[in-house]
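Let us take a walk through this structure together, one region at a time. Please keep the sequence and the 3D view open as you read.

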Amino acid sequence: MSEKHHIIPVWFFVGLLLLIYGVLIFGSGLLNWSHPPEGVELSNLHAPVWWGALLIVLGAVYCAKFYPRRET
Amino acid sequence: MIAAMTLAAPTTLVHLSGVDLIIIAIYFLLVLAIGFYLKKFAKTGEDFFLAGREMTAWVAGLAFVSANLGSLELLGWAGNAYQYGIMAAHWYWIGAIPAMVFLGLVMMPFYYISKTHSVPGYLKLRYGTEASALSAVTFAFMTILMSGVNMYAMALVMEVVLGWDLNFSIVVSSLTVGVYVAAGGLFSAIFNEVLQFFLIWFGALLIPILGMIETGGWSGMVARIHERFPGQDFTHMWGPMSSASNNPMGVQWIAIVFGLGAVQSMGYWTTDFLVVQRVLSAKDVRSAKLAPIIGAFFKMAVPLIVILPGLLGRAVLNVHLVPGNVAQPGQFKFDDVLPLMLARYCGPGLLGLGITALIAGFMAGMAGNVSAFATVWTYDIYRPYMRKDAPDAHYVSMGRWCTIIGLIVSIGTAYLVQYNKSMMDYVQALFGFFIAPLFGTVVLGMLWKRVSRMAGFWGLLAGVVTSVTAFMLMKFDPSWVKVFAFSPLAQPLAQAMWQALWACVTCVVVTVLVTLVTKPKPDEELRGLVYALTEVPREEHTSWLHRPAVWGVAALVILVVLQIIFW
């Protein structure tokens, strides 16, 4: 992204945030698997688990692709 | 709309768990860390105010569309979709896409090639100090007021939705924004807008997905709406617009096409410096042309996470929402529909993500306003009128101080608004006064080299006066609504469209008339600023896949298809 300044690409930060959030949401979904929160519709679909997994995959891909490597 | 938020806060809409609070805290820590990291890169004026002019088309495009994707926007338009139905999507489609494509293909080359740092800066080069000063002073004043309104609105939403203390929200949000924008300038603002873009999509996309599953798809949702609200049409965009009496907005198609599509949206997307500044950060002309077009594709998709949740609210919510200005304690308002839908489908973790997206949207709105304010104040007011020949480092320092002072003024505005709620609606209306006529002034100046220095100033002033007059007359004497909007049924959204149309027409007429009786600027002063005297780089050697015009046309074709599908 940055040619003059060699700034870490914003996509790396996006990936990092998605990865951390994915882990937290996925973990929270697993913890609540057998006791879904009350008052939440369609909780039987376990949305936090698969949404968290999606965030983990996307975050990991962005982190790996845009990881700031030292230039030689 | 926002003033109404203060009325009727039934109870807190959602309750956060520990994991939700951790998600919110991580967001604050990350944006502060990014701000500190970027500080070392924001050394020169071009770095601080224009992010070094080195952003790719994708980053500039996402920042461009995110600068407009604030939380007030999300909550307000989801509420409008609940109130008016899918007609609210006009503001995302005809009310945005043609203007974004026009900015990219027609106007951006002039902004970029002129090397201006702002829209008032372009007016100074094209017309002179009169039009530029009028535009700069009004923009700086209004931007800082808007930042305060954003701050207060965020604190209010956090109080209503989460039960957070108003002062706590104001202090935490302004400190965070102040630190990261003062440190990294436009670099920080753009980085956070891109983060916000992803947060909003991933925080809100589950609502339409789960809503569609619950209702059995689009046809199931439409059937439920018809069953619950018989005789009312919430799912067609153009059909109910043959007459103002056929739709709840009180608007005819002509106002949507000419008022919204041709003037209001053109004014906002092509001359509001808050959004244009993001595109000026692009690394070259082609990226600057492509950025708004990339933004247009994402803008077209936003109704999925804003309009559809509003419609789903009609189909599934068991509570009846009411207009904010008549809501009684214990009643929910139209603007509560998005948090209500979030709470309906999202448990711990997902709720934190959704709330973080709203907070990010509010903070990005504040950051966008203060970064634009710092640029216009420093380059268009301070440098030309107070200290002309200071070193570059002095202007960067001024930009940093402006950010802090701007936020302090915003905090003052936020508390002022707290004690005078109607001021919020006036501040928002005031912002609209300058945008529509400014479009007339800028576009005439770009496309017609004959337009003279004083014609730009008098046209802009006449347009602003017309806009203010129309607003005041319709606000304080409803009999004028029929005169300006051609229907006594026109609601505030429809009135604003007509007001913009009249302001722009007045601006154009006065500009042309004054031009005809005044002396034009010499050609040598207009090179690189107007169509007839500017060499725009051609793209013959670029593959068609990389040409902005190809993607601009593709965006317009998709726009037409969407209109036909939801006619």
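Chain B has a mean pLDDT of 87, and 96% of its residues reach 70 or more; pLDDT is the predictor's confidence in each residue, from 0 to 100. What you see is a predicted model, in which local features need pLDDT of at least 70 and side-chain atom pairs count only at pLDDT 80 or more, while totals for chains, interfaces and linings use all residues. Residues are numbered from 1 along each chain as its sequence is written, and chains are lettered from A and ligands numbered from 1 in the order in which they are written. For the model, the scores are ipTM 0.92 and pTM 0.88.

One stretch calls for care: over residues 1–10 of chain B, pLDDT stays under 50. The model has 33 contacts beyond four places in sequence for these residues, where a contact means that two C-beta atoms, placed from the backbone, lie within 7 Å. Where pLDDT is low, the predicted coordinates should not be read in detail.

Now turn to chain A. Its secondary structure comes to two helices and zero strands; helices (H or I, at least four residues) and strands (E, at least two) are DSSP runs, numbered from the N terminus. Of the 72 residues of chain A, 35% count as buried. A residue is buried if 20 or more other C-beta atoms lie within 10 Å of its own, exposed if 12 or fewer, and partly exposed in between, with C-beta atoms placed from the backbone. Among contacts in chain A between residues at least 6 apart in sequence, 69% join residues at least 24 apart.

How do the chains meet? In chain A, 29 residues are in contact with 30 residues of chain B. On chain A's side, the elements that give two or more residues are helix H1 (10–31) and helix H2 (47–66), and H1(A) gives the largest share, eleven residues. By class, this side of chain A has 19 nonpolar, seven polar and three charged residues. Here Ala, Val, Leu, Ile, Met, Phe, Trp, Tyr, Cys and Pro count as nonpolar, Asp, Glu, Lys and Arg as charged, and the others, Gly among them, as polar.

Next, look inside the model. The largest nonpolar core has 228 residues, and those with the most contacts inside it are B:Ile190 and B:Val194. Such a core is a set of buried Ala, Val, Leu, Ile, Met, Phe, Trp, Tyr and Cys residues joined through C-beta atoms within 7 Å. Not counting residues up to four places away in sequence, B:Ile190 touches B:Ala51, B:Met55, B:Val59, B:Ala63, B:Arg278 and B:Ser281.

Helix H3 (residues 57–66) and helix H8 (residues 166–204) of chain B pack at about 75 degrees, with their axes 8 Å apart. Axes are lines fitted to C-alpha atoms, for helices over the stretch in contact, and angles run from 0 to 180 degrees between N-to-C directions. H3(B) and H8(B) are therefore roughly perpendicular to each other, since angles under 35 degrees count as roughly parallel, over 145 as roughly antiparallel, 65 to 115 as roughly perpendicular and the rest as oblique. B:Val59, B:Leu62, B:Ala63 and B:Ser66 of H3(B) meet B:Ile190, B:Glu193, B:Val194, B:Gln196 and B:Phe197 of H8(B).

One of the partners of B:Ile190 is B:Ala51, which sits in the loop between helix H2 (45–50) and H3 of chain B. B:Ala51 counts as buried because it has 33 C-beta neighbours inside 10 Å. Its phi is positive, about 50 degrees, although B:Ala51 is not a glycine. Most residues other than glycine have a negative phi.

Compare another helix pair: H5 (residues 97–113) and H22 (residues 548–565) of chain B pack at about 170 degrees, with axes 10 Å apart. These two helices, H5(B) and H22(B), are therefore roughly antiparallel. Their contact has nine nonpolar, two polar and no charged residues.

Finally, find helix H15 (residues 337–345) of chain B, where nine of nine residues are buried. The buried residues of H15(B) pack against helices H4 (71–84), H7 (129–162), H9 (206–215), H14 (307–316) and H16 (350–385) of chain B.
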